[in-house]
Each structure stands twice: as structure tokens, then as C-alpha cells.
Amino acid sequence: MQEATSSRVEARLAELGHALPAVAKPVAAYLPAVTSGNYVYTSGQLPLIKGELTAVGKVGAEVSAEEAKAQAQTAALNALAAIKAEIGDLDRIKRIVKVVGFVSSAPDFTGQPGVINGASEFFGEVLGDAGLHARSAVGVAVLPLDAPVEVEVIAEFE
């Protein structure tokens with residue numbers, strides 16, 4: 001891990017009304033992020049706020065698609081926190097390469113891409129062109145802690 005510093009990216013987050021949170025503690029035996037070469041890979045990030053989920057359940061049942069989209073943005077913010085903890089400065093991000101979003105879905109819910117847009121649009125707002133990425137949005141039966149969404153990220157850095 002690198003020493004933490006403030007950055008242009010964090011200033012942009014502040015402009016958008018967001019503060020970078022502390023890195024979410026893993027809920028099992030893994031690291032929040034690891035580097036290999038010039039890439040940082042995050043573990044799946046849940047939409048935790050101060051260690052708590054603010055919504056639980058399946059999207060399309062207990063959680064609306066709109067609420068889940070906001071939860072995906074929170075998970076993306078947590079991914080940025082994990083990336084910063086690993087590389088020290090978010091300004092080192094060259095680009096977000098890939099986002100994989102998992103949506104805990106009711107059996108008839110098919111709006112996973114719209115939900116994960118919460119993360120994708122957020123990366124674009126924060127990082128501009130460097131936030132544009134390849135992506136998968138996958139519906140699943142259940143996620144850890146009954147979270148409605150989980151987001152993992154691969155980022156290239158300098």
C-alpha cells in the first residue's frame with residue numbers, strides 16, 4: 001500500500017458532494033484490493049456506509065431499481081476508496097478498465113444494466129474519459145449480507 005494523499009479526483013468527488021470513505025472491512029478472507037503490474041483489482045464492493053448496508057433484499061422486490069442504482073454508486077465510491085488505499089493517490093488512475101456489477105434480483109427483474117449504470121455513470125462523472133470502461137451487469141440470486149448490489153473494478157494506473 002502507498003501513502004495516502006489528496007488529489008484532483010478527490011476534489012472532483014467533493015464538488016459532486018461525496019467524501020471518500022474509509023475502506024470497507026472485508027466480510028471474509030480476502031483483501032479489498034491488490035495490484036499486479038500497473039493494474040489494481042478490487043474485491044467486490046458492497047454499498048456499505050460506515051460499515052452498514054442502508055438497503056437489503058432483491059432488486060425488483062424489496063429494493064427498487066432506482067434505489068439499487070444509488071446503491072451501485074455507493075459501491076463504486078467504496079471501490080475508489082479501496083483503490084486509493086492500494087495505490088496512494090487517485091490521480092494515478094489512468095483509466096477504469098472494467099466494472100463487473102452483480103445485482104441481487106427478483107426472478108422477473110431484468111433491469112440489471114440500468115442498476116449498474118449507477119456505478120458506470122459515477123465513474124464517468126468523477127474521472128471523465130478515464131472513467132469509461134468495459135462492463136458486465138449480472139443478475140444473481142443473493143449477495144453477501146443480502147446486499148442488493150456488489151461492484152468490482154479493474155483500474156490501470158501510472
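First, a definition: helices (H or I, at least four residues) and strands (E, at least two) are DSSP runs, numbered from the N terminus. This is a predicted model, so local features need pLDDT of at least 70 and side-chain atom pairs count only at pLDDT 80 or more, while totals for chains, interfaces and linings use all residues. Residues are numbered from 1 along each chain as its sequence is written, and side-chain values use heavy atoms, with hydrogens and water left out.

Start with the record. UniProt, in an unreviewed entry, lists residues 10–156 as "domain: Endoribonuclease L-PSP/chorismate mutase-like". UniProt positions are given in the numbering used here, feature names are shortened, and annotations may be inferred rather than shown by experiment. Over residues 10–156, the chain is 31% helix and 27% strand. The end C-alpha atoms of that stretch are 18 Å apart.

Now the sheet. Two strands pair if DSSP finds at least two bridges between them. The order is β1-β2-β7-β5-β6, an open sheet of 5 strands with mixed pairing. Which strands stand at the edges? They are β1 (33–36) and β6 (134–140). Each has a single partner strand, so one side of each is left without a neighbour in the sheet. From one strand to the next, the twist averages 15 degrees. Axes are lines fitted to C-alpha atoms, for helices over the stretch in contact, and angles run from 0 to 180 degrees between N-to-C directions.

Let's go across, pair by pair. As a reminder, strands of a sheet pair through backbone hydrogen bonds, either parallel or antiparallel. β1 and β2 are antiparallel, over 4 bridges. Ser36 sits opposite Tyr39 in β2. Their hairpin has 2 residues between the strands, and Gly37 there takes a positive phi near 60 degrees. Next, β2 and β7 are antiparallel over 3 bridges. Tyr41 has Ile154 of β7 as its bridge partner, and Val40 stands opposite Ala155 in β7. Then β5 and β7, again antiparallel, are joined by 9 bridges. Ile93 faces Phe157 of β7 across that pairing. Last, β5 (residues 93–104) and β6 run parallel, over 7 bridges. There, Val99 has Arg135 of β6 as its bridge partner.

Two helices pack on this sheet. Contact means heavy atoms within 4.5 Å. Helix α2 (residues 65–87) touches β1, β2 (39–42), β5 and β7 (149–157), and its direction makes about 40 degrees with that of β7. Helix α3 (residues 112–127) touches β5, β6 and β7, at about 160 degrees to the direction of β5.

What is covered? Buried means under 20% relative accessible area, exposed over 50%, partly exposed in between (1.4 Å probe, protein chains only). In β7, 7 of 9 residues are buried.

On to the core. A nonpolar core is a set of buried Ala, Val, Leu, Ile, Met, Phe, Trp, Tyr and Cys residues joined through side-chain atoms within 4.5 Å. The largest has 37 residues, and Leu80, Ile83 and Phe123 touch the most other members. At least two residues come from each of α1 (8–15), α2, β5, α3 and β7. The largest share, 10 residues, is from α2. Take Leu80: beyond four places in sequence, its contacts are Leu13, Leu20, Leu90, Ile93, Phe122, Phe123 and Val126. There is also a second, separate core of 5 residues, among them Ala24 and Leu46.

The structure holds 1 aromatic pair. Rings of Phe, Tyr and Trp (its six-membered ring) pair if their centres lie within 6.5 Å; planes under 30 degrees apart count as stacked, over 60 as edge-to-face and the rest as tilted. The centres of Phe122 and Phe123 are 6.2 Å apart with planes at 55 degrees, so this pair is tilted. Phe122 is buried at 1% relative accessibility, and Phe123 at 0%.

Is Gln45 buried or exposed? Buried, at 5% relative accessibility. Gln45 sits in the loop between β2 and β3 (48–49). Beyond four places in sequence, its contacts include Ala24, Asn78, Ala79 and Glu150.
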